[in-house]
Structure formats: C-alpha cells, structure tokens
Amino acid sequence: MDRRTFLTALGLGGATVVVSCSSDDSASTGDSTAGSTTTAISPNVSTPASPLTSDPFGLGVASGDPLPTSVILWTRLLTELEEPVDVKWEIAADEAFDDVVAAGIVSAEPTWAHSVHLDATDLDPDTEYWYRFSSADYTSPIGRTRTMPADDASPDQLRLGFASCQDFTEGYYAAHRAMAADRLDLVFFLGDYIYESASNESSLRQVPGGECQTLDDYRVRYATYTGDTDLQASRAACPWVVTWDDHEVENNYAGLVDDGGLDDAAFLARRAAAYQAYYEHQPLRLDPPEGADWRIYRTVRFGGLAEFFVLDGRQYRTDQACNARLDAIVGRSGCAAELDDETRTMLGTDQESWLSDGLGGSDAQWKVLAQQTVMSALVLGDIVLNVDQWDGYPAARDRLLRFIGDNEISDVVVLTGDIHSAGAGDLAPSSPDGTRTPVAVEFVGTSITSGSLVDIVPGGAALVTPDKFPGIAYLNVTNHGYGRCTVTPDEWRTEFVVVDSVDTADAPTRVDATCVTSAGASSVTKLS
Ligand code: FE
Ligand code: CA
C-alpha cells in the first residue's frame, strides 16, 4: 500500500493529506543550525502574506538528491529584505497542479540568502512530480522532478545527463536548453558551476565584480549564473545531483592550499564563504556548512540498477605535486619522488575508505563514481599533461583501481568533468611491465561553455588524438556540450551531445559520438 492509498484508507486522502516535511534530513548527523524550517501542511494551505514587493523568483527552482520517497526542492528568493520570508511550497502529481499531494509553508532565512531546501517526503517511488513556490503575489516557475525507484526495485532503464564547466563569460547555455528538452531522470553536475574570476573586455558575457573573495561576491556570482534562463530550464527539468570542483572556490585549490598565496586562515575564510554560497544555490540534501569543513560526498541510488558515489576531489586532496611546475612535470625530472609519494591523496583517507566500503558492499549493478577530474592516464611521451587530475595522484588512483580489480567489482563507471573535452576509455591500474588490465570505464563530459583545448590552442586537436593514449576510445577536444546516458541491465550507452557554437543560446545540438560498455565488460566501444 502506498502512502496515498494508506491515507485515503484512513480517511485522510484528497484534500487533507497530512505529511511532515522538514529541511532536516533525519538520516543526517548533527543539528542543523539554520536553513529553512517549515510549518503547516495541507494541500490547501494559502499563499502567505509577506513583505515582498517585487518578484523574488528570478533564480528559478531546482530539485535534487532524490530518494525513493523524497526529494529536495530548492529556490532562493532575490530580495533585499533582512528578515525571514514565508514561502508556500507545493508538490503535485500533475503539471496543472490539480492533484497537489503536499504543500506547506517554509521560512526562507536571510542567514542563508533566503534559500529554501525543502525535503518533500512521503512521496511514491519512481514517480514524476511537479513543484512550485509562492509568496505574497508572486509564484515561481514550475519544476519537474521524480523520485527514485525503491532500493530493491529492478528498473529496466535510467536516462541521465552529466555536465560541468559552464563559464558564463565564455558562452551561452544552448547545451542546457537541449538537456532540459531531454526530460532526463537525473542530471549530474560535476563541478565548475561558477568561475570565480572576473570577466574582461573580450568576454562574451560580463559578470559583475572582480574575483570572488567574500560571501557577498560568491552570492552575486551564483545569482548571475543562475539568472540564465536556459540554466534554469535545465535545473527545473529533473532532479540534479551536484558536486563541486575547484572554481566554486578558486582555480586549482587543493585542501587548504590556494593558488594565490593567501595564508591558511585567509584561505579558510574564503573557502567557508564559497562553500556557504554553494549550499545556498544548490538543491542539496545536506545540513548547511558550518565553516570551511563540509562533507558533501554522498550516494544516490536508482533502485538496483545503479548506485552513484558522488565524490569530493578538492577538499581533502594533497597539493599538486611540485606546485605543478612545468619543468617538474615534463619528463617528471624534478618531481618523480613527489608524484609517486604513496601518501598523496585525491579524496583523503576517510573518503577513500568510505568509497571502498561502498563499492565493495554495493548490490547495485552499475557502480558509478560521479566526480571531478580525469582518471584516465593522459601522458604524452614523457609529459604528464595535467597534474591537477588523477595523473598527479598515481598512488591514490592505483589504490582505487586495484581495490576494484582485486575484489572483482564489476560494472564500475566513472563520470568526469573538469577538462573541457569529451572522452571515453577504460581504466587500468599501473603494472611493472606496462601491461594493462582494465577494471572500469570512464566517460568524460566536455564543458557546457568553458574554453576547450582548441579554443585555447587552435590546431590543438592534432596533438591529442585517441591513438596516443592507451585505453582511450574517443576524444573530442573541440566542442562543448554534455553527456547523455541510457543505462540498462545489459549496457551503458553514452551519447556525447555537442553544440555547434556557444556564441548563441539557440545553437543546435548533435550527437558527436556514441560509446558503449556492456555489462560485465571493462571496455568501451565507440559505435559512431
Ligand atoms: Fe572547468
Ligand atoms: Ca576544474
């Protein structure tokens, strides 16, 4: 018996459904010190009066971190008010809101930039819903969301998107418009939602302010990005599962080490500000951050078909080897000892063991790492192309891949962003004689807009062709777009969707390549 049938049986169905909703996730640890609180609960609740005098919903709506019976509904009010504002939320079984299944009043707090993170609970599994917010005379756009199948269900298909790197100053979000039109089950956003740096005269689109340093700076930057209507359409189209990379704080930061020479205390304050603004603008099922330490790594599950391990490869990592100096990286001449240091870590000790416990214990078919930086080896001759990615953390990569191989964990897929290029290949731990025994596959999504290799180095595509890298089946270092995956018990199919141009919001899209891995195989085939 599902919830609504149960309530109807008790005479509580229809207009008097009672659900309890709270921004606090009962499974989370610790007290939530702030965030949204909610009262009153009935589909017929009235829109509250509030002191708002202009439309506060310019950032749209989003949903995220779905479970089988609940999903986080997000909005943020744009208002100068310095007091809490009551907002009505509604979730319905139909787009016309004729069948509202739950509603209530939530208080949007100025401490959290009037953001709302409402946990809509007691929903039916594997079900599509629509939601909206209202306050005073204003009503938000409508969002579409869905719950996940029950943990023990055996869904026959999952359609997901993955995207990253949407530098607002470098282009328009035609890719988001296309992803919204796909009406996917889930979208994974893998980092660089904002870029912290200032725009300049040659930028295609301007952002206000200089490089983000303070909470206000980051809030304004998120508002500029999220004000984009194509991005809003994408966030309103299905639940998102987000993680961050470096630019949500600062280029190439690593743990407590920044790129610009701030001392630890100053950088910690900046990181705390950036993390808070991230919380305020994302549909996260997390307690708000308290300071600069904030655990965001977590899992999401799509029945028995897929379990997603959403990683944080920034907060706990060792600093880039040899300060990523070019002379140290070319030929590894001055840096081999540091690069190969066994103690170098991408995820930190706690997250590493959480991940191996999770991978080892998962009964889902596809075990998916949704994460930031490229795991495949991209070494050209004796040049490590980028020591910010897993190539700069070879011992940590080997620990992970050997664990997968030694424990014969099958159907491990890594989804990656960061590098502004698309690619697909298999993943193998290193071996003394150089033989490769793949244990997993990786799909790397290109950027929504951020500069690709070819944008930066015209003609660069000729330098990095797939044949130069063992295990790589596909590379596209030119175009922008996103990844679109169709996942079944038999295969994982990734279509690399690209936009012809980021110079206009209505640029058409096309599928540049389709790559497939079959269940039980740790290999990628490029179909077209
Ligand atoms: Fe990026
Ligand atoms: Ca990045």
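Predicted model: local features only at pLDDT ≥ 70, side-chain atom pairs only at ≥ 80, totals over all residues.
Start with the interface. In domain 1, 44 residues are in contact with 35 residues of domain 2 (contact means heavy atoms within 4.5 Å). The size of an interface is often given as the accessible area lost when the parts come together. Here the buried area is about 3,100 Å², and carbon and sulfur atoms give 51% of it. That area is what the two parts lose on being put together, summed over both, with a 1.4 Å probe. On the domain 1 side, Asp 65, Trp 112 and Arg 144 lose the most area to domain 2, together 23% of what that side buries.

The rule finds four salt bridges across the interface of domain 1 and domain 2 (a side-chain nitrogen of Lys or Arg within 4 Å of a carboxyl oxygen of Asp or Glu). Arg 146 forms a salt bridge with Asp 185; their closest N and O atoms are 3.2 Å apart.

Next, helix H4 (residues 229-237). Helices are DSSP runs (H or I, at least four residues), strands likewise (E, at least two), numbered from the N terminus. H4 is mostly covered, with seven of its nine residues buried. Buried means under 20% relative accessible area, exposed over 50%, partly exposed in between (1.4 Å probe, protein chains only). Among the buried residues of H4 are Asp 230, Leu 231 and Arg 235.

Finally, the backbone. Most residues other than glycine have a negative phi. Asp 122 has a positive phi, near 60°. Asp 122 sits in the loop between E6 and E7. At 33% relative accessibility, Asp 122 is partly exposed. Cys 322 also has a positive phi, near 50°. Its loop runs between strand E14 (306-310) and helix H6 (326-329). Is Cys 322 buried or exposed? Cys 322 is buried, with a relative accessible area of 8%.

Notes
Residues numbered from 1 in each chain as written. Chains lettered and ligands numbered in written order. Heavy atoms only, no water.
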